[in-house]
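Q: Could you walk me through this model, starting with its main opening and then moving on to the rest?

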Amino acid sequence: MGIFSRRQTATAEPPTAAGQGRLAAPSAAAGATPDPGLRALTGHWTIDRPHSRIGFSVRHAMVTTVRGAFTDYDSTLYFDGADPSRSRAEIVIRVASVDTGVEQRDAHLVGKDFFDVRRFPEMTFRSTSATHESAESFRMTGDLTIRDTTRAVELQLDYLGSVVDPFGYERTGFDGTTTIDRRDWGLVYNQRLEAGGSMVSEKVRLQFDISAIRSS
């Protein structure tokens, strides 16, 4: 089954103005032939924020996983179905919107030990290239900036399908993941455990669960 050619029945609430955003679709690469249905998706898309999640997960005390998300962000997406390599994406996240479900932990994350939001209120991802690896699998490279450090990261993107929802909105979805070492961005705070190991893992998994709606 080719990507962006699926049609499913879905039930969804109408998108809200707060859900506007932008993310990019991936590009064609040698060895992967774009599905003809991709051409129909050329244009601008908007992240439906109430049905999307930009989150992370990290091991805590070596025995459990803490999950969180950023709830305030702007993003842009332009997808070129004829030449996916011309697609582009950008996400600007207000770091103070971090939410792990524990107020005290969130306050620590936005402080000087971690994000230091008073000096660095935003983190950004800007795509630089993308590769169409298979029918429903892509890899996107981009620059991730946290605090005052910018480094390249690769996102694995999995296409989930497209649909016209009951409200007439053309909608498409995908999941994106990558794992980074937070120390590469200057997030070095930690505490050692008596039995060995660290309180907070240096490895952080970033997760992009995206539902995007075609912009008018």
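**Pocket, fold and aromatic rings**

A: By class, the lining of the largest pocket has 24 nonpolar, ten polar and three charged residues, where Ala, Val, Leu, Ile, Met, Phe, Trp, Tyr, Cys and Pro count as nonpolar, Asp, Glu, Lys and Arg as charged, and the others, Gly among them, as polar. This is a predicted model, in which local features need pLDDT of at least 70 and side-chain atom pairs count only at pLDDT 80 or more, while totals for chains, interfaces and linings use all residues. Residues are numbered from 1 along each chain as its sequence is written, and side-chain values use heavy atoms, with hydrogens and water left out.

Q: What counts as a pocket, and what is the volume of the largest pocket?
A: On a 1 Å grid over the protein atoms alone, a pocket is an open set of points where a 1.4 Å probe fits, with protein on both sides within 12 Å along at least five of seven lines, and lining residues have an atom within 4 Å of a point. The largest pocket has a volume of about 630 Å³, a volume being the space filled by probe spheres set on the points, which are joined across faces, edges and corners.

Q: Which residues lie nearest its centre?
A: Of the 37 residues that line the largest pocket, Phe 56, Val 58, Leu 109, Phe 114 and Val 200 lie nearest its centre. Strand S2, residues 53-60, gives the most to this lining, with six residues.

Q: Changing topic, how many helices and strands does the protein chain have?
A: The protein chain has one helix and eleven strands, taken as DSSP runs numbered from the N terminus (H or I and at least four residues for helices, E and at least two for strands). Along the sequence the order is β-β-β-β-β-β-α-β-β-β-β-β.

Q: How much of the chain is buried?
A: Of its 216 residues, 46% count as buried, where buried means under 20% relative accessible area, exposed over 50%, and partly exposed in between, with a 1.4 Å probe and protein chains only.

Q: And how many aromatic pairs are there?
A: The count comes to two aromatic pairs, and the rule is that rings of Phe, Tyr and Trp (its six-membered ring) pair if their centres lie within 6.5 Å, with planes under 30 degrees apart counted as stacked, over 60 as edge-to-face and the rest as tilted. The rings of Phe 56 and Phe 70 have centres 5.6 Å apart and planes at 45 degrees, so this pair is tilted. It links distant parts of the chain, since Phe 56 is in strand S2 and Phe 70 in strand S3 (residues 64-70), 14 residues apart.

Q: Are those two buried or exposed?
A: Phe 56 counts as buried at 9% relative accessibility, and Phe 70 counts as buried at 7%.

Q: What about the pair of Phe 70 and Phe 115?
A: The rings of Phe 70 and Phe 115 have their centres 6.0 Å apart and their planes at 75 degrees, so the pair is edge-to-face. Phe 115 sits in the loop between helix H1 (103-110) and strand S7 (122-134), 45 residues from Phe 70, and Phe 115 is buried too, with a relative accessible area of 12%. Phe 56, Phe 70 and Phe 115 form one aromatic cluster.

Q: What does Ile 93 touch?
A: Leaving out residues up to four places away in sequence, Ile 93 touches Ile 54, Phe 70, Asp 72, Tyr 73, Pro 121, Glu 122 and Met 123, a contact meaning heavy atoms within 4.5 Å. Ile 93 is in strand S5, residues 88-94, and is buried, with a relative accessible area of 7%.
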